[in-house]
Amino acid sequence: MNPYSAIQAKLSLSQPLPHTPDWSAAPDFIELIVEHALQAKPEVIVECSSGLTTLVLAQCCQFNQKGCVISLENGEDYAEKTCQQLKEFGLEDYAQVIHAPLEKVALSDNEYDWYSLKTLPEVSIDMLVIDGPPGFIQKNSRYPALPLLLDRFSKQTKVFLDDAARDDEKELVAHWQDEFSGVEHEYLEFERGCSVLDIKKAS
Ligand SMILES: C[S@@+](CC[C@H](N)C(=O)[O-])C[C@H]1O[C@@H](n2cnc3c(N)ncnc32)[C@H](O)[C@@H]1O
């Protein structure tokens, strides 16, 4: 049985959701971000990595008749593939995939490869989904997301970090909590672990 069939039905999709075992976000994570997007109806959803997450979030925006997804994707071929899938689902008006090659960035005395933000539009982010870059490329691969995107957050931003059961993700969430104020964190015992952060900006 297709593990995403319940989500397909919930989103009234007529065709099966394309997914790649081990690389696509797991069904429990997808269900959580869909639930939030349908309830909170965010204007701007940014995600780090594209694929299945992009499709389901774009479908939520279509359902809501509100909002859009902006997806940062380092792999040019994956960016093209996701754009193609958005077209196949008729969702290209609800999501934009930006080919954002990884570039060196220095943060807190460490150097990381992280998405180029040169072509990210000036937006106010209501929801951030972090499912890349892949963990194997470097230590604490997803740490830069908060320090580099925080100044683009809206007054209250919900952040969903996938693969949060891994030691690196546990460590980087602890760094975020030490470094930034207004961060509420909840850990969910999902298939691969999920960290949900509620971030309120001081007004
Ligand atoms: C964990 S994947 C997540 C993709 C997306 N969020 C989803 O749920 O489908 C993170 C990144 O790995 C890369 N990737 C995707 N599929 C891959 C594969 N089969 N082999 C190697 N890299 C892959 C892409 O650059 C993607 O942005």
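Student: How do the axes of helix 3 and helix 4 cross?
Tutor: Helix 4 covers residues 76–88, and its axis comes within 10 Å of the axis of helix 3, crossing at roughly 35°. Axes here are lines fitted to C-alpha atoms, for helices over the stretch in contact, with angles from 0 to 180 degrees between N-to-C directions. This is a predicted model, where local features need pLDDT of at least 70, side-chain atom pairs count only at pLDDT 80 or more, and totals for chains, interfaces and linings use all residues. Numbering starts from 1 along each chain as its sequence is written.

Student: Which residues of helix 3 and helix 4 meet?
Tutor: Helix 3 brings Thr54, Leu55 and Ala58, and helix 4 brings Thr82, Gln85 and Leu86. Contact means C-beta atoms, placed from the backbone, within 7 Å.

Student: How many of those are nonpolar, polar or charged?
Tutor: Three are nonpolar, three polar, and none charged. Nonpolar covers Ala, Val, Leu, Ile, Met, Phe, Trp, Tyr, Cys and Pro; charged covers Asp, Glu, Lys and Arg; the others, Gly among them, are polar.

Student: OK, and where do helix 2 and helix 3 come in?
Tutor: Helix 2 spans residues 27–40 and helix 3 spans 52–64. Their axes come within 9 Å and cross at roughly 25°. On the helix 2 side, the contact uses Ile30, Ile33, Val34, Ala37 and Leu38. On the helix 3 side, the residues are Leu52, Thr53, Val56, Leu57, Cys60, Phe63 and Asn64.

Student: What is the split into nonpolar, polar and charged for helix 2 with helix 3?
Tutor: Ten residues are nonpolar and two are polar. None is charged.

Student: Zooming out. How many helices and strands are there?
Tutor: The protein has six helices and nine strands. Both are DSSP runs numbered from the N terminus: helices are H or I with at least four residues, strands are E with at least two.

Student: What box do the C-alpha atoms fill?
Tutor: Along the principal axes, the box is roughly 50 × 35 × 35 Å. Of the contacts with a separation of 6 or more, 68% join residues 24 or more positions apart.

Student: What share of the residues is buried?
Tutor: Buried residues are 39% of the 203. Buried means 20 or more other C-beta atoms, placed from the backbone, within 10 Å; exposed means 12 or fewer; partly exposed is in between.

Student: New topic. Where is the cis peptide bond?
Tutor: Glycine 132 and proline 133 are joined by a cis bond, with omega about 0°. Proline 133 sits in the loop from strand 6 (125–130) to helix 5 (145–149).

Student: What is the phi of asparagine 140?
Tutor: Its phi is near 50°, positive in a residue other than glycine. Asparagine 140 is also in the loop between strand 6 and helix 5. It is partly exposed, because 18 other C-beta atoms lie within 10 Å.

Student: And what about the phi of aspartate 109?
Tutor: Aspartate 109 has a positive phi of about 65°, though it is not a glycine. The loop holding aspartate 109 runs between strand 4 (102–107) and strand 5 (110–115).

Student: Why does aspartate 109 count as exposed?
Tutor: Because it has 5 C-beta neighbours inside 10 Å.

Student: Last one. Where is glycine 182 found?
Tutor: In the loop between helix 6 (167–179) and strand 8 (183–188). Glycine 182 has 13 C-beta neighbours inside 10 Å, so it counts as partly exposed.

Student: What is glycine 182 in contact with?
Tutor: Leaving aside neighbours within four places in sequence, glycine 182 touches Ile199, Lys200, Lys201 and Ala202.

Notes. Contact = placed C-beta atoms within 7 Å.
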